[in-house]
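Here are my notes on the two-chain model. Please read them with the structure open.

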Amino acid sequence: MKAHKESDKDLISGYMSGNQICLEKLIYRHKNRVFAYILLLVKDKQLADDIFQDTFIKVINTIRNGSYQEEGKFIQWVMRIAHNLIIDHFRKSKRIPVFDNSKDDFDIFDTIKFTDASIEDRMITDQIHQDVRKLIEFLPPEQKEVLFMRHYSDMSFKDIAEQTDVSINTALGRMRYALINLRKLIEEKNVILTT
Amino acid sequence: MQMLMKQTFTLNQLFLLACNENEKEFFSGMRFMFAAKHIESTSPSESVIKNILNYSRGLSILKTKFTGNVKLILN
């Protein structure tokens, strides 16, 4: 005797009337197809598991809310939910770049400091700032002026140009030469500016 | 130098295939498009399915007149 296979529609109405087995049957019927689609696009098993779970949570919420409209297109609807969740994931991951730590030996956490600077670190930083200040004194006055306005007064180049009565390009040029000259001075005077 | 296109289909075409074809056609299309040999045998972890079913069992939705539907999830 051929076993009667319930349609998606029957299973949904069974689930709506409280039969959990119907949901289980629906999931097992379509799991491979939905999962394969997600996995081929995201290419990560764990992530595909998460998106698969979110997809069916949405399906459950919609059906139980009574917002699901039966049009005989259950799988198409589930695929649309999965598809939208995949797109949401890519949008989110583009907005929040994540450093992939799993591919090589480099560990980002080796280079990040989690604790506050120690007294020694602070003393070294203060010393560096003092050295830089001294070096700036060797610069020509117009370069020194631009550098102070930009870095210590946090002014925009537009404001600096207005204040010093020159064009923006001149202000930018002065800043560029100030940095070049500072680098030269650091080399000449053998100053070490690292912690 | 000859540059080959990485993919010759759009996301939309892929979606249409996923939605409209039957399961057999869908998997043969996927195998062809992604050169993924055993894609039909991949399935989500059992724990994920268990989570979904548990969520469904624990969920109860209270329909109210003024505040809409209130979702309750009980362990």
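**Notes on the model**

1. At 6% relative accessibility, B:C19 counts as buried. Buried means under 20% relative accessible area, exposed over 50%, and partly exposed in between (1.4 Å probe, protein chains only). In chain A, A:C22 is buried too, with a relative accessible area of 5%. The disulfide count over all chains is zero; a disulfide is a pair of cysteine sulfur atoms within 2.5 Å.

2. A word on the basis. This is a predicted model: local features need pLDDT of at least 70, side-chain atom pairs count only at pLDDT 80 or more, and totals for chains, interfaces and linings use all residues. Residues are numbered from 1 along each chain as its sequence is written, chains are lettered from A and ligands numbered from 1 in the order in which they are written, and side-chain values use heavy atoms, with hydrogens and water left out.

3. Chain A has nine helices and zero strands. Its pattern along the sequence is α-α-α-α-α-α-α-α-α. Helices (H or I, at least four residues) and strands (E, at least two) are DSSP runs, numbered from the N terminus. Of the 195 residues in chain A, 32% are buried. Take the contacts (heavy atoms within 4.5 Å) in chain A with a separation of 6 or more: residues 24 or more positions apart account for 50% of them. Chain A exposes about 13100 Å², with 52% supplied by carbon and sulfur atoms. Accessible areas come from the Shrake-Rupley method with a 1.4 Å probe; for residues, only the protein chains shown count as cover.

4. Chain B has three helices and two strands. From the N terminus, the order is α-α-α-β-β. Buried residues make up 31% of its 75 residues. Among contacts in chain B between residues at least 6 apart in sequence, 8% join residues at least 24 apart. The accessible surface of chain B is about 5700 Å², and carbon and sulfur atoms hold 57% of it.

5. Which residues of helix 8 in chain A are buried? In this helix (residues 157–164), they are A:F157, A:I160, A:A161 and A:T164. Seen down the axis, the buried residues of helix 8 of chain A fall within an arc of 100°, so they line one face of the helix. The arc is that of the directions from the helix axis to the C-beta atoms. An α-helix has 3.6 residues a turn, so residues three or four places apart point the same way.

6. What do the buried residues of helix 8 of chain A pack against? Their partners are helix 7 (141–152) and helix 9 (168–188) of chain A. On the other side of helix 8, A:K158, A:E162 and A:Q163 are exposed. Just after the helix, A:D165 takes a positive phi of about 60°. Please check that residue by eye.

7. The salt bridge count over all chains is five. The criterion is a side-chain nitrogen of Lys or Arg within 4 Å of a carboxyl oxygen of Asp or Glu. One of them joins A:R29 and A:D8, with the closest N and O atoms 2.8 Å apart. A:R29 lies in helix 2 (residues 20–42) of chain A and A:D8 in helix 1 (residues 8–16), so the pair ties together parts that are 21 residues apart in sequence. A:R29 is partly exposed at 23% relative accessible area. A:D8 counts as buried at 19%.

8. A:D88 and A:R91 also meet in a salt bridge, at 3.9 Å from N to O. Both lie in helix 4 (residues 74–95) of chain A, three residues apart, about one turn of the helix. A:D88 is partly exposed at 34% relative accessibility, and A:R91 is exposed at 53%.

9. A:K144 forms a salt bridge with A:E137, with the closest N and O atoms 3.2 Å apart. A:K144 counts as partly exposed at 22% relative accessibility. A:E137 is partly exposed as well, at 49%.

10. On chain B, B:L62, B:V70, B:L72 and B:L74 form a nonpolar patch on the surface, with about 330 Å² of accessible area together. Patches are made of residues with over 30% relative accessible area and no salt bridge: like charges are joined within 9 Å, nonpolar side chains (Val, Leu, Ile, Met, Phe, Trp, Tyr) within 5 Å. B:L62 sits in strand 1 (residues 59–63) of chain B. Its relative accessible area is 46%, partly exposed.
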